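Biologist: I would like a close look at a single part of this model. Please take me through it step by step.

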Amino acid sequence: MDTSPPDPQLSALYQELILDHYRRPRNKGALDDATHSVSLNNPLCGDEIDLQLRVDGEVIREARFIGRGCSISQAAASMMTQLLKDRSIPQALALADRMSAMMRGDQAAAQDKTLGDLRALAGVSKFPVRIKCALLPWNALTDALKG
Amino acid sequence: MLDAARLRGDFPLLAQRENGHPLVYLDNAATTQKPQAVLDAIAEYYRTTNANVHRGAYGLAIRATEAYEAARAQLAGFVNAWAPEGVVFTRGTTEAINLVAGAYGRAHVRAGDTVVVTAMDHHSNLVPWQILCQEKGATLRMVEISEDGRIDLSDYGRALEPRPKIVAFPYVSNALGTVNPAAQLARLAHAVGAVVVVDGAQSTPHLRVDVQGLDCDFYALSGHKMLGPMGSGALVAKPELLDAMPPYHGGGEMISRVWDDRSTYNNIPHKFEAGTPNVEGAVGLAAAVAYLERVGLERIAEHEQALAAAAIERLTQIEGVTVYGPRDHRAGVVSFTYGDIHPHDIATILDQDGICIRAGHHCAQPLMRRLNVPATARASFYLYNGLDEVDALAGALVKAGALFGYVPA
Ligand SMILES: Cc1ncc(COP(=O)(O)O)c(C=O)c1O
């Protein structure tokens with residue numbers, strides 16, 4: 001049996017912080033007075049996200065999600081909702097752009113403090129099929145704000 | 001057991017390395033790799049024999065037609081078909097089942113009739129029947145499965161009470177590996193006058209199939225799951241049923257005489273093979289059949305059962321792993337979950353060690369709902385897999401467990 005230690009790329013992919021968000025998701029559950037709600041799924045692995053926002057004027061006051069799926073998609077949703085509270089819509093869309101840049105392997109984006117816990121997901125950029133998982137909640141966000 | 005390491009030498013793709021590791025291909029229920037003999041047969045066909053079939057008046061076209069018809073006869077012998085003309089080449093199982101639903105089903109199912117399927121059917125043996133029943137105003141009845149993933153025979157009996165027109169089930173489940181008692185199910189369905197459709201996608205590659213012994217009416221198979229090329233497959237049927245059926249697709253080859261406003265149709269099987277067929281696919285599939293016959297289906301089945309038994313034993317020793325499906329009457333498909341590690345995460349982690357498994361719903365969403373899981377991880381074996389690869393699978397799973405904090409790293 002191969003007992004070599006897990007490959008460093010894998011350890012980078014499955015960091016403690018990601019597993020923590022996966023197992024103890026923040027802002028999970030329905031939002032009673034949502035103004036925006038978008039459901040997206042990723043048919044490849046069956047990830048599901050139902051993102052609910054309460055937007056007041058130009059500002060996101062509350063963001064919650066309901067979902068199930070792999071650690072990457074669920075941690076990304078949890079981390080994203082942490083960041084959205086009290087952001088303006090343009091700020092939220094700018095974050096979505098930074099997140100996409102990080103998924104394309106942009107080093108500067110991966111260091112950008114405005115991405116908060118999401119920086120732990122930088123390792124996903126090395127796993128092309130999993131990028132969709134990390135971007136699923138962000139795609140729901142842009143659909144909600146632009147749709 | 002078979003000498004898997006030696007057989008692997010016949011499959012050029014399996015010599016590759018993946019992420020720095022020997023490739024361990026355990027996704028054979030999805031598709032199988034191709035031996036050199038199949039690759040050579042296809043290349044040889046194009047190098048020496050290619051012409052359009054059934055229409056040329058020259059030697060080359062006659063030889064192409066002979067190669068195509070010889071492939072049909074070979075496949076007919078392989079599954080003990082009623083007759084070679086009862087073998088209709090299709091793109092695979094999906095097209096074969098759609099053909100039955102679209103031609104036989106549309107002609108025979110009426111409003112108020114019942115069609116029976118099972119909760120372990122692949123979407124391709126479910127959705128065509130949903131479409132038919134919706135179109136006709138017929139009832140689709142899904143037979144439940146038992147806790148350990150077998151067809152619930154008492155529910156099957158109840159489903160037969162309204163005397164369904166069609167009963168469809170898989171011989172072997174792609175998601176659980178269950179080998180269903182197909183002959184018994186067919187006998188019970190015939191007793192109430194139903195026509196029996198067997199999804200043979202997962203049985204034909206892995207055990208000795210005798211369609212006359214099963215006494216089903218229609219049997220669907222996919223070439224790519226049995227070492228043959230993608231886009232090859234067949235519907236095997238009782239010739240008298242095919243003969244009485246209206247055509248499925250219209251076009252060249254399937255006609256006899258064509259007037260401005262109507263046509264008469266060719267004999268079976270040509271009536272159901274409109275257009276230029278996939279001759280390369282048929283020739284490649286025949287080479288795959290010859291390869292499987294040389295190894296022997298009985299030995300293949302025995303080998304895979306040993307691999308599945310070893311895998312189940314190794315996996316269930318890992319705390320937190322759940323294996324689905326029955327413990328006996330099963331083929332070489334092992335579906336499992338590991339604690340709260342999502343199957344897709346398991347697949348990514350295993351891929352880093354060069355191990356290919358499937359993660360997802362396995363085109364069986366109704367089954368996943370009944371198992372109460374959104375998805376499972378699935379390892380599925382074939383003749384070229386060995387016990388060393390079961391070891392690799394178990395070892396990589398322990399690594400996944402370490403990454404997710406289940407076992408000390
Ligand atoms: C049990 C079963 N039925 C049907 C199919 C569909 O086969 P194909 O995609 O080759 O048409 C598959 C394979 O995916 C299968 O495993």
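How many residues of domain 1 of chain B are in contact with domain 2 of chain B, and how many residues of domain 2 do they meet? Please go on to describe that interface.

Modeller: Keep in mind that this is a predicted model. Start with the bounds. In the domain assignment of chain B, domain 1 covers 38-293 and domain 2 covers 296-403. Their C-alpha centres are 28 Å apart.

Now the contact itself. Domain 1 of chain B puts 32 residues in contact with 30 residues of domain 2 of chain B. Together the two domains bury about 2,400 Å². Carbon and sulfur atoms give 59% of that area. On the domain 1 side, three residues stand out: B:H123, B:L176 and B:H206. They supply 24% of the area that domain 1 buries against domain 2, more than any other three residues.

Next, the polar side of the interface. Between domain 1 and domain 2 of chain B, 17 residue pairs are in polar contact, counting pairs with both residues at pLDDT 80 or more. Three salt bridges are found across this interface. As for salt bridges between named side chains, B:R370 pairs with B:E144 at 2.6 Å, N to O.

Last, the make-up of the domain 1 face. By class, the side that touches domain 2 of chain B has 16 nonpolar, nine polar and seven charged residues. Helix α10 of chain B, residues 279-295, gives the most to this side of domain 1, with three residues.

Key
Residues numbered from 1 in each chain as written. Chains lettered and ligands numbered in written order. Predicted model: local features only at pLDDT ≥ 70, side-chain atom pairs only at ≥ 80, totals over all residues. Heavy atoms only, no water. Domains from an automatic or database assignment. Contact = heavy atoms within 4.5 Å. Buried area = accessible area lost by both parts, 1.4 Å probe. Salt bridge = Lys/Arg side-chain N within 4 Å of Asp/Glu carboxyl O. Polar contact = N/O pair within 3.5 Å; in protein donor to acceptor, adjacent residues only side chain to side chain. Helix = DSSP H or I, 4+ residues; strand = E, 2+ residues; numbered from the N terminus. Nonpolar A, V, L, I, M, F, W, Y, C, P; charged D, E, K, R; others polar.
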